[in-house]
Amino acid sequence: MKSFKQKVFDIVRNIPKGKTMTYGEVAKKAGNAKAPRAVGAMLRTNYDPGIPCHRVIAQNGSMRGYNRGVENKRKLLIKEGAIRA
């Protein structure tokens with residue numbers, strides 16, 4: 001059986017280019033709707049380029065806690081067409 005962290009990484013790995021999910025959506029899909037902050041904590045420690053954690057945003061659309069810098073997160077999402085400049 002997969003751990004919550006493994007489920008989170010699998011979900012995020014499958015977010016298509018040009019799309020985003022919220023921390024809450026990822027948490028719910030991974031099986032614990034009350035754990036969006038845990039999702040954020042896990043993604044802050046992710047340095048695997050195969051897990052596009054920049055595609056996970058706050059519910060209000062704000063950029064939060066990207067370990068490579070919030071401005072880099074914004075640039076990547078603009079480049080992918082997920083958000084407007």
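Let me begin with helix α3, which contributes the most to the lining of the largest pocket, namely five residues. Please keep in mind that this is a predicted model, in which local features need pLDDT of at least 70 and side-chain atom pairs count only at pLDDT 80 or more, while totals for chains, interfaces and linings use all residues. Residues are numbered from 1 along each chain as its sequence is written, and side-chain values use heavy atoms, with hydrogens and water left out.

Helices here are DSSP runs of H or I with at least four residues, strands are runs of E with at least two, and both are numbered from the N terminus. A pocket is an open set of points on a 1 Å grid over the protein atoms alone, with protein on both sides within 12 Å along at least five of seven lines, whereas a cavity is a set where a 1.4 Å probe fits but cannot get out; lining residues have an atom within 4 Å of a point. Grid points are joined across faces, edges and corners, and a volume is the space filled by probe spheres set on the points.

The largest pocket has a volume of about 300 Å³, and α2 (23-30) and α3 (36-44) each supply at least two residues of its lining. Among the lining residues are T22, Y23, R37, R44, Q59 and R64. By class, the lining comprises four nonpolar, five polar and three charged residues, where Ala, Val, Leu, Ile, Met, Phe, Trp, Tyr, Cys and Pro count as nonpolar, Asp, Glu, Lys and Arg as charged, and the others, Gly among them, as polar.

T22 itself lies in strand β1, residues 21-22, and it counts as buried because its relative accessibility is 15%, buried being under 20% relative accessible area, exposed over 50% and partly exposed in between, with a 1.4 Å probe and protein chains only.

K73 brings us to helix α4 (residues 70-80), whose buried residues are K73, L77 and E80. Seen down the axis of α4, these fall within an arc of 65°, so they line one face of the helix, the arc being that of the directions from the helix axis to the C-beta atoms. On the other side of α4, K75 and K79 are exposed. Just after α4, G81 takes a positive phi of about 85°.
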